[in-house]
Structure formats: C-alpha cells, structure tokens
Amino acid sequence: MTQRRKMIEVALPLEAINKEAAREKSIRHGHPSTLHLWWARRPLAAARAVLFAQLVDDPASTDEALAITDEAERDEWVARERTRLFRLIEDLVKWENSTNETVLNAARAEIMRCTGGNPPPILDPFAGGGTIPLEAQRLGLEAHASDLNPVAVLINKALIEIPPKFADSPPVFPGAAEGTLTWPRATGLAEDVRRYGAWMRDEAEKRIGHLYPKATLDEGSEADVIAWIWARTVTCPNPACGIEMPLVRSWWLGKKKGKEAYVVPTVVDGKVGYSIGQDPKLAPPAGRDGTVGRTGAVCIACATAVPLKYVRERGKATGLGSRLMAVVAQGGRRREYLAPTDEHVTAAKTAKPLGAPEGRLAANARDFKTPNYGLDTFESLFTNRQLTALTTFSDLVGEARERVLADALEAGMPAGARLESGGSDAEAYADAVATYLGLAVSRTADLGNSLVTWSNGRDQARNLFARQAIPMAWDFVEVSPFARAAGDVGVSIRTAVEALEKLPGRPPAVAVQQDAVRAADRTALLSTDPPYYDNIGYSDLSDFFYVWLRRSLGGIQSQLLSTMLVPKVDELVANPYRHGGKAGAKAFFEEGFREVFSNARQQASDEYPIAVYYAFKQSEADISGTASTGWETLLEGMVRSGWMITGTWPMRSERGGRMISVGTNALASSIVLALRPRPEDAPMTDRRAFLAELRDLLPEKLKELQSGSIAPVDVPQAAIGPGMAIFSSYSRVVEADGSTMTVRSALQVVNQVLGEVLSSEEGDFDAATRWALKWYDLNGFGEGAYGDAENLSAAYAVSVAGLARSGILRAGGGRAALVAPIDLPEGYDPGRDDHISLWEVTAHLARALDTEGLAEAGRIMARAAARIDLDEAKQLAYLVFSRAEARKDTKVARLYNQLAASWPDVVDAGRGEAEQAGEQLTLDASY
C-alpha cells in the first residue's frame, strides 16, 4: 500500500499559523501560560496546527485523488480539498476558537476520518510548559506528557491530568453552585479555586496586613500602596566619606508626559535622604541618572569612583544594605510617588520567618549573577517581609485544602484516595484545589522578590523572569501582596481560574516525571519541543519556584516534590559547569539526544510522521560558509538515528514580521521538522546522483510550498525539508573521494539547487521583466549609467525608450533607474496599459497592497488577469524577494514577501472585483 503523506509533509497555511502564533503573545486572560511561568513555551496555535497536520492526509495522497484519472481534474480536486483544509486550520488556530466546539469538532472529525477512527496517542517527552499535550487533548487525542523536571510535570498535571478528573462537576464551596445547573469542562473546579483562593487571600491579609500600611497622600487622604522602591547600598570606600552610598541604576520613577517623577537624593551629616521631584526641567540629566552601571558605581557624596569588584567583595563579606527611596501609591487615575516615611521604613523591618526555603543557588555563572554580590541562597533573594508573605500564603494552602475537604464531604462526596494515588473523590478534589492555589502562590514569587525592578516608562513593576536568567538588581521593588495589582496573590488566583475555565477538560490525559530517554521508548506518536544545548538551564531556573511549591504542596504532591531541589544530573541540557567543560557538555547532550530519538525510532509507526520543534540560533562560519551548528547537529542526530526528514516548516512567534532579519543569519523562532522511520534496507547513493535527484524533484516541491503561500522569507528553511528528505532517505551519500557526505555539505547542496530553481523561473518571463531583474541585480533601485542600460537592453531585445514608456524606468541626463514600487502612481489600470510587463504589474500589486490595502491590490489583479500570467507574477514576487534579500534591500524584500504571503487573499479580493464587474477571474488550479 502506498504510504499516505500527511499535510505537515506537503502544505500548510503557514502565514495564517504564524500570524496567530505571534498574536497569541499579547493574549493574557485565559491563556494557559498565566497558570504558572515556564520558559520558552511554544504557541498554542502552532502546536494545534502541527498536531492536526501530523494526522490529516494531504489530499493528493488520498484514495479519492488517486481514483481520478484525468490529471487536470485531479489537480483541481486536490486544490479544492487543500483550500478546505487550509480554511479549517485557519479557523482552528485562532485564539477565539480555543473553546469553539463547532470548529474543534470539525477538526476532530477530520482526524478521525484520516486515522480510521483510531488516532495514535500523542507523546511529548520534553513536555515543559505543556503546550503540545494540552493541544493534543483539545483535539480529542490521548495525551501523554513527560518531563524530568517536577515543576514542568506539575504544570502539565494542572493543565491536562487534573481537569478531566473533575470535569462537569459543580463546586463544593457552600452556596457556590446555587443558580447554575451545568458546570462544563473544569468550570466547577475553577469556581472552587476562585472561592477558596479569595478566602486564603483575605485570611492572609488578616494575619500580615499590618506589615503593609497605607500611604498618606499630599491632600491628607489614604491610599493603598502598590510598591516600595529600595536602593541597595554599600559603604563608600573613601575613608574621608564612608556614607552608605546608594546603588541606583536610574533616579527616574515615571516618565509619562505630565506625570513625571524622580528621586532626589540629598546628603546631610553623612546620611542620604530621599525626596520626590516632579519638575522635568530639574530632572537628572542622562549622564548623571543613577549611580551604578556596567563598569562600576560612584558615590553621590564624594564622587569617588567605586569598581564593581569592591561592591562584590563587600556583598560577599558583609552583605549589601538597602534604603527605602520612594513609595508608590494608587491615586485617583495615576500612580502617586511619595517620599519614604518612618512608618513605612519600620513596617518593613520584620524578622525572618521560620520555614523560609533553604538551599543555595546553582553555580551557574552564565545565568545567575546575584551570587557575585553575596545573594547565593534562595532566602537571600527575598526581603524578610517578602519571606513572611510567601510563607504565610504557603501555610494557608494547606489550611484551604482542609476546608475544601470538609465542604466536599459535606456535599456528599465519598472520601476516596488522594490525588497522587489516582483518586477522584473528596480527598483528591481537595488536593486538586490546593494544587492550583499552590501554583498561584509560586507564581507570585516572580514579583515578590528583591530582584524585581521598576519600569519608569510604564509605571509598574517588572517581574524577575523577563528573560531566562536571575540577573542582579540594584534599586529594587517590593510590591504589595494586597494591592489588587500585579504581585497580589488574588491576581494570580484570578488568572489561574481564567485559564482553568478554558481548558478542554477531556479526554483523560497523563503527565509523569520521567527522563526523555525512557519516555520515548513507548508506542506513541511523538510531537515534541526538545531543549537546545544550554540555551535555557531549566532545572537551575525552576529551583526558584520549586522551593515554594515544595513548601506549600509537599504533602499533596509528595512523590513529585520529594527531592530538596529539582533533579539535574540527567537533565538533557549542555551545561559546561556540570559536565567538565564545553566539550563534555556537548558530548553529553548529543549522545542523550541521539539516544532519545533512537529509542523513539524503534517504536515508531510507518503511518504517521513525528514532529520535532527546533529553535537554536547559534551560528559559526568556516571556509565553506556559515551554518547553524545546533541545526546541523539536530539533523545529523536524526539521520544517524534512522529517521528520514520529510518536511521542515518555519514557525514564527515573535510579534510582527521577521523582516528585520533580512540580510542577517537570524532564523525563524522555530523550525518544525516532520520525520518518518527510514527503512532498514535503504540504499546508498553518490553525490552526483543526489544532486541530479534534487534538480529533478525540488522544482515540483518548491511549487507545492508556494501553492501554500509560504512567505518568501521562509522558503530557504522550508525547502530544506524536501532536500533533506532525499538526503535522509539514503543510508549513505558518498562523496567523490569516497567519504560520507555530512549534513553540512548536504545543506549547502540543497541551497545551491534552490538558487538554481528560483533563477530558472526567470526564463519564462517577458523580456522587459528579465531586463528589469538583471538591472535590479546590478543597481537595485539606484541609478546607473544610461549606456549600461542600452547595452543591457540589446541582450534582451528591448529598448530603453520603450522601458521608460512602460513606466518601469526613468531615463535622462545620461542616467537610468528602475522606478521603485513605492514611487509608482496610484490608480494603475492594467487593462489600459499599452506596454504592460510582468515586472510592472507585480510592482503595482506590491505597492497597492502595502499602501492602499487588499481591495486595491485585488482590483489591479482582476484587471491584469487577462493580460499576464498570474502564476508567473507570483513566481516573480518570490524571485524579487530573493534578489532583494541578497542585496540586503530590506524595504523591497518586505514588500514582495508580503505580496507573496498574501497571494490567496489578493486572489480572493480580485475575484470579488471581477464578479462586481460581471467578469470571471481565471486562475491556475493551485489557487
């Protein structure tokens, strides 16, 4: 039986997926990421689309397509079916459709149809933040999440394992279920998390609210304090001075126009005092804003330059001090910045509580900077008041659990087994509610520590983990846990509830703690996002949260949280300090990576491709060119493990386009690879045959990619798929000298042939367009000598005067220049153009789409359809992009990338324009 190719191996609506993935980053309410922080999460939209495309057949390989004997009729049917599936994916990836059962059921039905009603279970052995298992569950698939890191496993349990146990059940909090008949998904559980969380917060405020006094505003009224801003201090090394000098990166508190505020330090009798200034004219100039920078500090009293070496030494020897600089209160419609008072200074002077987390930070010099200054234990990252708040909240998690248990028993639930023993009754339910409350407390630690900083541009606190590191902070923010703003446990509980309400809640799923090597040794379809060398030290970073989770949930998730810190020895990350240097770390990672995918290869099905995400960006150059070391290593490991690469797709998740990277070595944020097991009896081939096969097959594969309207910027990465599919289908490719071709060499050959294929399309264009392409290669849209233009025109049998009349060229005064798209006139009508060319129409389309919108581009396309080959116009857009990228002409590359990626939308707009005019827009079947 012929193997059916899946959509992930042929065609995807990539731009729509990437657009939604990027948009998703700005969505907070209800997003699973708000349940708890995890680093480098994959977008839900991308994971959902990839899983769907792993299981759903590409129309060209279905029995229906193969039964159509007429080639043109078959191509038309395949195009229609692909368009239908594209539309389904485009609906599926929208955030608004995450709980839209109509859309989800359509996707589930398609999956069932293409899997004979028996889809394989999905396994992510590097589950991390849980995106892939969650989206598998959302698509109705049996989801298995595995990770060595207990924080990741707990997040996955909260996302996919716990909600199905209590789906469709009402809340047990007294009176919470009244008036509501149905509680779909995990909304009943979410309601209890909300109710018991509110009790927990209110109870905490009763116990420690006195530590957080209100502020008195200038007019005498009281206001809630949002934050206290502190400066770390160190004794000035000048013996004649000796003040406790503040270490402040910026004196500015707020820079919003009309709401400016800054700290004014004064030194009186050897002591530093602080007041608030609000006149922008008197604000500290840029050169004197703050006292500490990358190279050192300066004393505000004697102007002594203080090297950071001294600050580090004093921090390790005696510890750094701190002084309150400002109080931030909630005014009517603005932040009110106030000078510190004795009351607020005294309130912060509380003793360190019993039960603060123990342990030292990892010796991770790259990611952890605080140990350099004496902050090398977990408790040292918090003020005593912050430790008091977090220990109080942690203790209340256990108390809340007992209240849930009592209410659940009162509501008629049997006691049953505990959650970690597989229970689903009262004891387990109390554990479940407590788990979400514990995660909420842990999440507040990200804003409840002494490394939080103040954004003077946004008038708000910035959380510690803005990136994957624990950096040093000089002036820091202590947020109030009761201000109903960021850092309030009530806010964390609310966002957790919003996420929980939107989780699918079925079918049942499993999340286990297991290393990836063992996890991959099972019969399930892999869809996974593995770590990338040492890009992120997950275990070291997650210790920060683990110590709090263990304190609040150690008796509830006792097996998962049994170790003092997160296990690290077997973590598949290339940490040089843990493996005897870079070479040892590299060998450890690569061997472990190969073992994972070798195990997966032994159990893999021939029916479905696995999917692997890749996002490493390290590059290095040698005499053979520039290549991504991590990218090559991953591909080499896959090939050596017995996998064939059958597709590569660039998945972007950053906001906006990626055109800032034109002309650079930047990659898309992720590459998704589709892989199938290579047959044991795969033959060998040689370089010459490999090259010939590439030249034979790559043009057709490139057309398939373009039919999916892949953006030109992503073509080189996506084309690696069909190229490496050929390379990896052989057991070995032999070089001319008898050696085995490396992945690096194979990638270079693929790129070479891709360039040949793109350039070969030029031969089908009209003479004026071919002349314009050559002139653009030489001069871009800049001027060149008129004589050069004449000489070039002879080679293409066109005249400079004719090119000028056609509107694509300006000539005069001995100079000539192509007219840039942005300089073309509005209102272009191809139907009335006496000197029409493919170049001119495509340039007008690019300009109109960018400056006037889809409707105008559609009008031009409708009017041009009878005059030019629109398929060639699309090919030209890809070709001009590649030429512009080679010239590092970012603006032009962006225009043509946008046009090619938006081609289906422009076609639709053109059809609409044609229908209004009573005409019919005739297009190639690929549209």
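The largest cavity is lined by Y212, Q386, A389, L390, F393, T444, G448, E478, V479, P481 and G487. By cavity I mean a set of points, on a 1 Å grid over the protein atoms alone, where a 1.4 Å probe fits but cannot get out; lining residues have an atom within 4 Å of a point. This is a predicted model, in which local features need pLDDT of at least 70 and side-chain atom pairs count only at pLDDT 80 or more, while totals for chains, interfaces and linings use all residues. Residues are numbered from 1 along each chain as its sequence is written, and side-chain values use heavy atoms, with hydrogens and water left out.

Back to the cavity. About 110 Å³ of space lies in it, where a volume is the space filled by probe spheres set on the grid points, joined across faces, edges and corners. The structure holds 5 cavities of 30 Å³ or more. Which elements each supply at least two residues of the lining of the largest one? They are α11 (384-410) and β16 (475-479), and α11 gives the most, with 4 residues. Helices here are DSSP runs of H or I, at least four residues, and strands are runs of E, at least two, numbered from the N terminus. The lining divides into 6 nonpolar, 4 polar and 1 charged residues.

Next, D488. D488 is found in the loop between β16 and α13 (489-502). Is D488 buried or exposed? D488 counts as buried because its relative accessibility is 1%; buried means under 20% relative accessible area, exposed over 50%, and partly exposed in between, with a 1.4 Å probe and protein chains only. Not counting residues up to four places away in sequence, D488 touches R201, T444, S480, P481, F482 and A483, where contact means heavy atoms within 4.5 Å.

Now helix α15. This helix, residues 538-553, has a kink of about 45 degrees centred on F544; the bend at a residue is the angle between axes fitted to the seven residues ending there and the seven starting there. Of the 16 residues in α15, 14 are buried. S542 lies in this helix and is buried, with a relative accessible area of 0%. Leaving aside neighbours within four places in sequence, S542 is in contact with W38, W39, N149, V151 and V566.

E110 lies in helix α5 (residues 101-114). With 8% relative accessibility, E110 counts as buried. Its contacts, not counting residues up to four places away in sequence, are F52, V56, R84, L85 and L88. E110 and V56 are 54 residues apart along the chain, and their C-alpha atoms are separated by 6.8 Å.

Last, the backbone. Which two residues does a cis peptide bond join? They are R506 and P507, with omega about -5 degrees. P507 has its place in the loop between α13 and β17 (510-513).

A40 has a positive phi of about 55 degrees although it is not a glycine. A40 lies in the loop between α1 (14-24) and α2 (44-55) and, at 30% relative accessibility, counts as partly exposed. K888, also not a glycine, has a positive phi of about 60 degrees. K888 lies in the loop between α26 (870-886) and α27 (890-901), and at 56% relative accessibility K888 counts as exposed.

How values were computed:
1 Å grid on protein atoms, 1.4 Å probe; cavity = no way out; pocket = protein on both sides within 12 Å on 5 of 7 lines; lining within 4 Å. Nonpolar A, V, L, I, M, F, W, Y, C, P; charged D, E, K, R; others polar.
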